[in-house]
Amino acid sequence: MRFATYSAKGETYYGAVTGAGVIALSPLFPQWPTLRDVIAGQGLPALAEVARGGSVSHKNVTYQIPVPNPGKIICVGVNFPDRNAEYKDGSAQPKYMSLFPRFASSFTGHDQPLIRPPENHTLDYEGEVAVVIGKGGRRIAAQDAYEHIAALTLCNEGTIRDWVRHAKFNVTQGKNWDRSGAIGPWLVPFTDPAQLDEACLVTRVNGEVRQEDTLDRMMFPIREEIAYISTFTTLEPGDIIITGTPTGAGARFDPPRYLVPGDVVEVEVEGIGILRNGVEDEV
């Protein structure tokens with residue numbers, strides 16, 4: 001079952017995505033105005049039950065980010081061994097994970113363009129898996145972490161590379177340009193550890209594979225991410241953790257291969273789907 005936030009005919013809905021179109025579900029659940037409210041109400045099973053007997057409401061839709069109003073978006077940086085080696089600083093695996101925040105406005109939905117700003121043209125791609133918290137908590141034990149995940153989605157954690165180097169201790173300004181990244185296309189309920197433990201992540205640019213790795217090679221597995229992050233901040237339903245990207249981003253080529261208008265980026269994980277975005281210059 002796949003649940004998306006989308007717009008059609010000037011209205012915004014959430015619904016179940018099928019091969020024939022989308023079954024609008026939000027009109028049937030007024031107590032849950034958005035998918036974030038559905039998650040907070042532990043309502044994904046109720047949506048799935050209704051969707052099984054539903055009929056397609058919309059065929060031509062515009063996808064939005066699946067959780068339109070997340071409380072927190074926390075990203076994990078440099079989380080694959082080869083990514084650490086890309087920095088060529090001789091460092092061993094770090095003791096603690098690198099984290100930074102992103103704002104919801106820095107993302108767009110599936111099949112919507114990533115926006116390259118006029119101030120700088122070093123727009124880069126980073127394919128990642130994102131987990132959506134379903135059950136909140138503080139100081140969550142790693143062995144219990146999967147119990148707190150409601151759903152999975154995909155992320156292209158688009159970055160303006162030159163701007164991550166503007167300061168000594170942060171990358172926030174390079175990671176938060178409006179609509180520079182994407183989340184989607186939809187949420188897939190998390191029901192089996194194998195959805196993460198056996199996942200292979202692939203990123204393609206114009207059909208060329210640029211990134212490919214398995215999540216079991218992460219330096220900081222997702223269970224540890226949830227445990228560590230929840231140590232210092234209370235995780236709440238609808239919060240999103242973007243879990244890390246493999247080697248192969250455009251900045252690491254010689255010369256760099258940054259995104260340009262007309263490029264198409266696809267992030268894929270079997271069982272979740274394909275997140276696809278073109279690239280356009282800001283008007």
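Reader: Is S180 buried or exposed, and what is its relative accessible area?
Author: Good place to start! This is a predicted model, where local features need pLDDT of at least 70, side-chain atom pairs count only at pLDDT 80 or more, and totals for chains, interfaces and linings use all residues. Residues are numbered from 1 along each chain as its sequence is written, and side-chain values use heavy atoms, with hydrogens and water left out. Buried means under 20% relative accessible area, exposed over 50% and partly exposed in between (1.4 Å probe, protein chains only); S180 is buried, at 0%.

Reader: Where is S180 found?
Author: Strands (E, at least two residues) and helices (H or I, at least four) are DSSP runs numbered from the N terminus. S180 sits in the loop between β12 (159-160) and β13 (181-189).

Reader: Which residues is S180 in contact with, leaving aside neighbours within four places in sequence?
Author: Contact means heavy atoms within 4.5 Å. With those neighbours set aside, S180 touches R102, S106, L114, I115, L123 and G158.

Reader: Which side chain joins that of T245 in a polar contact?
Author: T245 lies in the loop between β16 (240-242) and β17 (264-269) and is buried, with a relative accessible area of 3%. A polar contact is a pair of N or O atoms within 3.5 Å; within protein, one must be able to donate a hydrogen and the other to accept it, and residues adjacent in sequence count only if both atoms are side-chain atoms. At 2.8 Å, the side-chain partner of T245 is Q211.
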